[in-house]
Amino acid sequence: MTPQLTPAEHIRLWNDFRDGSQAAFSQLYEYFSADLYRYGYNLIRNRQLVEDCLHELFLHIHENRSRLGATDNIRFYLYRALRRRLLDTVGRLNKLDSEEYLFDNAEFLIQPYEQSLVEEQLIEQQKLLVIAQLNKLPKRQKEILYLVYMKGLSYQQAAEVMDITMKSVYNTVNVALTTLRTYVRSSFEQGGALWVSLPGSILIYFVKILLR
């Protein structure tokens, strides 16, 4: 699990790495490589391609560390770099249509430790429904929810990672949460389950848990 670093810790670790600390580089890999792999695999469902691009990304930043810019959010920096590298590689290989493949049929990965967070039967039922409905959302909506609610990127950072406008991010998040709420309500009603209206804050709570 990626540790929750404060902005000051992000800055310190990144600067140590840029100054040539091998220990800092090892920490970067330890903290972020698995997380980056999950993100990349949700973008491009090709394990070898994601592994290759991830390896190339870490090699690139290691070799060019003295020329890298500053950041107070390493995850944002690396997500943006990996996304661009994956799409560039896919384009060069011409094996996949990247626009058609992004987050298509992506399954959100659930970590075992999350099971302990959701124990009540009703919550478990809601969780399963939300998982199912999350994976029915259009790929762009899923990716934005993933970046904002799972990875804690700001709307501005999500916009930069995906190379879209802030307005698009706001609109897409709003549409995604509205759609998700409608999906879940419909599923409850069809299943005959007790529907407990999910206000936006609770829905976001589920999204945060489920998209970790």
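Reply: Here is a short tour of the chain and some of its helices.

Reply: This is a predicted model, where local features need pLDDT of at least 70, side-chain atom pairs count only at pLDDT 80 or more, and totals for chains, interfaces and linings use all residues. Residues are numbered from 1 along each chain as its sequence is written, and side-chain values use heavy atoms, with hydrogens and water left out.

Me: How many helices and strands are there in the chain?

Reply: Ten helices and zero strands. Both are DSSP runs, numbered from the N terminus: helices are H or I with at least four residues, strands are E with at least two.

Me: And what share of the residues is buried?

Reply: 45% of the 212 residues in the chain. Buried means under 20% relative accessible area, exposed means over 50%, and partly exposed is in between (1.4 Å probe, protein chains only).

Me: Let's take α1. Which of its residues are buried?

Reply: H10, L13, W14 and F17. They fall within an arc of 95 degrees seen down the axis, so they line one face of α1. The arc is that of the directions from the helix axis to the C-beta atoms.

Me: What do the buried residues of α1 pack against?

Reply: α2, α3 and α4. Contact here means heavy atoms within 4.5 Å.

Me: Which residues meet between α1 and α4?

Reply: From α1, H10, L13 and W14; from α4, I74, R75 and Y77. By class, this contact has four nonpolar residues, one polar and one charged. Ala, Val, Leu, Ile, Met, Phe, Trp, Tyr, Cys and Pro count as nonpolar, Asp, Glu, Lys and Arg as charged, and the others, Gly among them, as polar.

Me: What comes after α1?

Reply: G20 follows α1. The phi of G20 is positive, near 105 degrees.

Me: New topic: α3. How many residues does α3 have?

Reply: α3 covers residues 47–63, which is 17 residues.

Me: Which ones are buried in α3?

Reply: L49, V50, C53, L54, L57, F58 and I61. They cover an arc of only 160 degrees around the axis, which puts them on the same side of α3.

Me: What about the other side of α3?

Reply: H55 and E63 are exposed there.

Me: And where do the buried residues of α3 pack?

Reply: Against α1, α2 and α4.

Notes
The expected span of a helix is 1.5 Å times one less than its number of residues.
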